[in-house]
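Here are a few notes to read with the model open beside you. Take them one at a time and look for each spot as you go.

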Amino acid sequence: MKGIDHPYWTSRKGNAVRFAMWHRRRSHAAPFLREIARRHGEGLTAAAAEFEKETALLAKILTFLGPQADEAAHWVPANVARATKLVEEAGRHHEAGMAAIRKAVASPLLDSLDALAKMDADALQKEVAGPNALVAEAALARLVALSPKDLDARLAALWTSLPEARKELADGPIHRQILFALSHLDTPAATEAIGRAVFFAGKGDDVPHAVARWAAEIYWKRRGAEGRDVWLKAMDSEVPHVADLGVRYVGKTGDKSLLPRLKDRKGPAASFARALLGDEAGWEELFAALAEPEWVPAAKLLIEAGAPAEPRVIARLADPNPQVLTACAIVLSRMGSAAALDPLKAAVDAHPEIPRIRQAYEDLKKRLAK
């Protein structure tokens with residue numbers, strides 16, 4: 001669990017949704033472990049008891065910082081301190097539960113894991129494709145450590161050949177770990193494989209867009225606007241999150257000749273791309289989206305836009321809509337320069353009834369070391 005000062009928690013919704021999500025997901029663990037303990041050993045019962053304690057602590061947080069809590073409640077120091085203490089205690093029970101699971105399942109796997117140390121690259125590559133996540137991930141780590149000369153080609157082949165399915169004892173496809181290994185190889189074959197990873201559909205993954213988004217970030221750092229063919233192809237994908245990535249990175253290329261390709265595109269990513277390519281209407285669309293219930297995607301894109309967006313965001317600190325005003329303050333706290341300090345302080349003074357604006361001002365000062 002990340003502490004409650006994590007910068008992504010920028011709103012009441014951000015806080016409440018994460019607390020509720022943790023509670024909901026963790027609440028399934030104990031019943032499941034008690035069910036399978038009959039076949040896999042009583043060690044899992046001990047793990048279930050720890051997860052029940054964790055869930056109870058998370059439920060306490062929801063009583064005062066749940067989805068119905070007022071925005072201001074999230075910035076009351078006493079609530080922050082209380083939530084921090086509960087999250088930390090819940091985290092300790094979570095770690096104890098995970099330790100109990102590892103102890104319970106380790107014995108039947110020890111022989112398999114020990115055998116990996118004696119395998120060559122070919123054998124390890126086959127093990128990565130196996131059904132058990134613990135063995136597959138250990139085999140992948142061993143293969144990377146062995147570092148055969150053709151490691152990039154082997155990882156690229158695994159990426160392409162393995163189904164996007166969740167292995168036994170896994171929380172998602174093994175492609176996450178493969179991409180991590182590829183990210184440490186600066187070769188044409190590795191970069192090409194990372195480009196293919198941009199199109200990852202995310203089947204079997206709790207966060208379907210995460211791998212594709214991570215791959216796009218890595219590919220942009222390596223190829224930038226020169227990766228135009230990948231971005232254009234992604235833009236035409238039938239997978240929504242892949243298409244959104246393509247649109248975003250087409251905008252970041254700065255190639256204004258591509259602006260007509262975005263004409264009929266809808267949504268924050270398209271607005272972002274058009275804005276970066278010189279269409280002022282794109283900026284207006286992003287600011288209009290800040291007034292909507294689902295305003296966070298537009299705010300994130302304004303943060304990503306950085307310096308070109310800053311003067312426009314500062315100007316919106318005079319917006320009469322409290323949600324837009326607050327969102328702009330949050331955006332500036334994440335990407336603003338020293339030029340945003342005085343306007344943000346003026347917004348704090350003008351709106352003492354919105355504590356999140358003061359928090360944004362303090363966050364900006366801290367980020368700029370002021």
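1. In which kind of crossing, left-handed or right-handed, does α6 pass α8? Keep in mind that this is a predicted model. The crossing of α6 past α8 is left-handed.

2. Let's stay with that pair. The axes of α6 and helix α8 (residues 188-197) are 8 Å apart, at an angle of about 15°. Angles under 35 degrees count as roughly parallel, so α6 is roughly parallel to α8. On the α6 side, the contact is made by Asp-152, Ala-156, Trp-159 and Thr-160; α8 brings in Ala-189, Ala-190, Ala-193, Arg-196 and Ala-197. Sorted by class, that gives six nonpolar, one polar and two charged residues.

3. Now turn to the other partner. Helix α6 (residues 151-161) packs against helix α7 (residues 175-183) at about 155°, with the axes 10 Å apart. That makes the two roughly antiparallel. Here, too, α6 goes past its partner in a left-handed crossing.

4. Who touches whom there? From α6 come Asp-152, Leu-155, Ala-156, Leu-158 and Trp-159, and they meet His-175, Ile-178, Leu-179, Ala-181 and Leu-182 of α7. Eight of these residues are nonpolar, one is polar and one is charged.

5. Have a look at the largest nonpolar core as well, which has 48 residues. Leu-155, Ile-178, Leu-179, Val-198 and Trp-231 touch the most other members. Helix α9 (residues 210-223) supplies the largest share of this core, six residues. A separate core of 36 residues includes Ile-314 and Val-324.

6. One last stop is Leu-155. Setting aside neighbours within four places in sequence, Leu-155 contacts Leu-140, Ile-178, Ala-181, Leu-182 and Leu-185.

Terms used
Residues numbered from 1 in each chain as written. Predicted model: local features only at pLDDT ≥ 70, side-chain atom pairs only at ≥ 80, totals over all residues. Heavy atoms only, no water. Axes fitted to C-alpha atoms, helices over the stretch in contact; angles between N-to-C directions. Helix = DSSP H or I, 4+ residues; strand = E, 2+ residues; numbered from the N terminus. Parallel < 35°, antiparallel > 145°, perpendicular 65-115°, else oblique. Left-handed = near helix turned anticlockwise from the far one by under 90°. Contact = heavy atoms within 4.5 Å. Nonpolar A, V, L, I, M, F, W, Y, C, P; charged D, E, K, R; others polar. Core = buried A, V, L, I, M, F, W, Y, C linked by side-chain atoms within 4.5 Å. Buried < 20%, exposed > 50% of the residue type's maximum accessible area, 1.4 Å probe, protein only.
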